[in-house]
Amino acid sequence: MNRLFGTDGVRGVINNELTPELALKLGQAIGTLFGEGSRVLVGRDVRAGGEMIKYTVLAGLISSGVRVYDADLAPTPALQYVVKSQGFDGGVVITASHNPPEYNGIKVIDSDGIELPRDKERVVEEIYFTSRVHRVPWKLLLDSVRRYPYVNELYVKAVVSHVDKELISSRGFKVVVDPANSVGAITTPWVLRELGVKVVTVNGNLDPAFSGRPPEPTVETLENTAKIVREVSADFGVGHDGDADRSIFIDERGRIWWGDRTAAVLAKLIAEKHKDLPRRVFTAVSSSTIIEDVLKPMGIDVIWLPVGSVGISRKLVEMGGICGFEENGGFMYPLHHPVRDGAMTTALILQLLAEEKRSFSEILDELPYYHSVKTKIHMTRDKALKAVEAVKEAYSGYRQVTIDGVKVIGDDFWFLVRPSGTEPLLRIMIEAKTRDKVEELLDNIKSVVLEAIKK
C-alpha cells in the first residue's frame, strides 16, 4: 500500500508535495477515523502555508462530521497535553517540526495525547487511498468550528506545576531562550517568567521564513545563541525546533550539548526523586552509548528503540519508566505527559540546577567525554538502504544493533548509519574517544557508502 506517514507525521515541501488537495483529502480521512461527532483540537506552528493547510484540513474534518476546536498557534506538546487533559477525541498539528523552512506537515494526535500508533496511521492511509471517507448531511455542518484560545495557558500552568517554583525563583536564574522564530516564543519565556527566571529571548519574533536561524537546533545553528549566553552571563541557554517539542541546551560557558547528554543528568534527577518509577529509560539507537555508562551503574536499564518519538512514547506508556528521550533534544517526562516537550524539559533543567546548587557545566562535565560528528548524505531511500547493508557487512565483526539502520559498537567508539524517516537522506552519527578515531571512521564509512550506491 502507498504510504503517507513518515517517522512523525506527513511532511512535504509546501504547495508542491504538501498541497491543499492532499490536506483536504487527508483531513477527511482523519475525520473518518475519529468518527462523526468526535471533538478534535487543531493547531499549528508558524511555518509558511500553515494557515492554508490548517483551513483545508479543517474543511476535511468538518465534511466528515467532526466538531473542530481551533487553537491556532501553539507548540505541539501544548496541543498534545490539552488533547488528553481536556478529554478531546484527537488532535491535528500543522507542523514539520525541525525540517527546513520550505516544508510543512500534518501530525495526528490520538485521544491519549500521543501521535497515532502505526496501526491507526495505516487505517488513515487506507481511507485516504481508497477514498472511503465519511460525509455528513448539510444540517450537521452548522456551527462546526469553535475557537479554543486556552491551549497555551493550560499548558504553561501544567508545566510549572511539576517543579518547585519557590526554589527555582530563589536562585535568580538568567536563561537565554532561542525558539527559532516559532511557537516556542509564546510558551517557554512564559514558563520561565512564571518560575521567577530572567529571560533573554533570541529569535523570538514569529517569522514563517525562520530568518533568525533554521528550525533544527544544532551546534551550527545555535552558534550565535551560544555567544549570547556567554555575553549576558546566563546560567544556560535553550534552543527549540519549529514546534518546540525539542530542546538543545547550552551551558554557561557557551558549550552546546546534545540531548542524550542532558537526558542522562535529568534521568538521574528523576530516578532519585521518584524511586517508585520502573528503573528503565527508553531511547533511540541514535543516542550515545554514554547513556549505558551513566545509568547502568545506578541499576537503570537502557531500552534501545528505532528512531522516532512516537514509538518511544508508546513504549514508555506500555512498560513504564523514568523517561524517554532522543539525542536530538526530545525528552519525555511521564509524570507530566509522555511526549517530547521543550518547555517541560527546560523547567526540569532549572529544577536540577536549583537542587544541585552547581553550575550547568560542572554537572555536565562529570559525564564521560566522546568526540562526535553528525553528517548526512543526500540520496534516495532505496540507495540509503543499500548503504546500510554494505556498512553491516563491512563491520560484521562488531556488536551491532539493527532495529533502525545499523548501530556499530566498539570498545572506544560507536556509530549509526540509517535512512532518514522524513527526508531523502542517509544520516551518519559517530562518537569515539579520540578525534582521530572519529575522522578515521567517517572516512571509512563514507567510502563504504559511496561504493555501495554506485552499484
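Predicted model: local features only at pLDDT ≥ 70, side-chain atom pairs only at ≥ 80, totals over all residues.
When the neighbours within four places in sequence are left aside, the residues in contact with Asp-404 are Val-285, Pro-306, Val-307, Leu-416 and Arg-418. A further relation along the chain concerns Pro-419, which is 15 residues apart from Asp-404 and whose C-alpha atom is separated from that of Asp-404 by 8.3 Å.

Elsewhere in the chain, an open sheet is formed by six strands, arranged in the order 1-5-4-2-3-6 and with mixed pairing. Its edges are strand 1 (10–13) and strand 6 (145–147), each of which pairs on one side only. On average, and with direction ignored, neighbouring strands of this sheet are turned by 20° against each other. In general, the strands of a sheet pair through backbone hydrogen bonds, in either a parallel or an antiparallel manner. Within the sheet described here, strand 2 (residues 39–44) pairs with strand 3 (residues 67–73) in the parallel sense, over six bridges, and Arg-39 stands opposite Arg-67 of strand 3.

Helix 3 lies across several of these strands, namely strand 2, strand 3, strand 4 (90–94) and strand 5 (103–109), and runs at about 165° to strand 2. Helix 3 (residues 76–85) also packs with helix 5 (residues 151–161), at an angle of about 85° and with the two axes 9 Å apart. Helix 3 is therefore roughly perpendicular to helix 5, as angles of 65 to 115 degrees are counted in that class. On the side of helix 3, the contact is made by Pro-77, Ala-78, Leu-79, Tyr-81 and Val-82, while helix 5 contributes Val-151, Asn-152, Leu-154, Tyr-155 and Ala-158. By residue class, this contact comprises nine nonpolar residues and one polar residue, with no charged residue taking part.

A separate parallel pairing is found between strand 7 (residues 174–178) and strand 8 (residues 198–201), which are joined by four bridges. In this pairing, Lys-174 stands opposite Lys-198 of strand 8.

Conventions. Residues numbered from 1 in each chain as written. Heavy atoms only, no water. Axes fitted to C-alpha atoms, helices over the stretch in contact; angles between N-to-C directions. Helix = DSSP H or I, 4+ residues; strand = E, 2+ residues; numbered from the N terminus. Parallel < 35°, antiparallel > 145°, perpendicular 65-115°, else oblique. Contact = heavy atoms within 4.5 Å. Nonpolar A, V, L, I, M, F, W, Y, C, P; charged D, E, K, R; others polar. Pairing = 2+ DSSP bridges.
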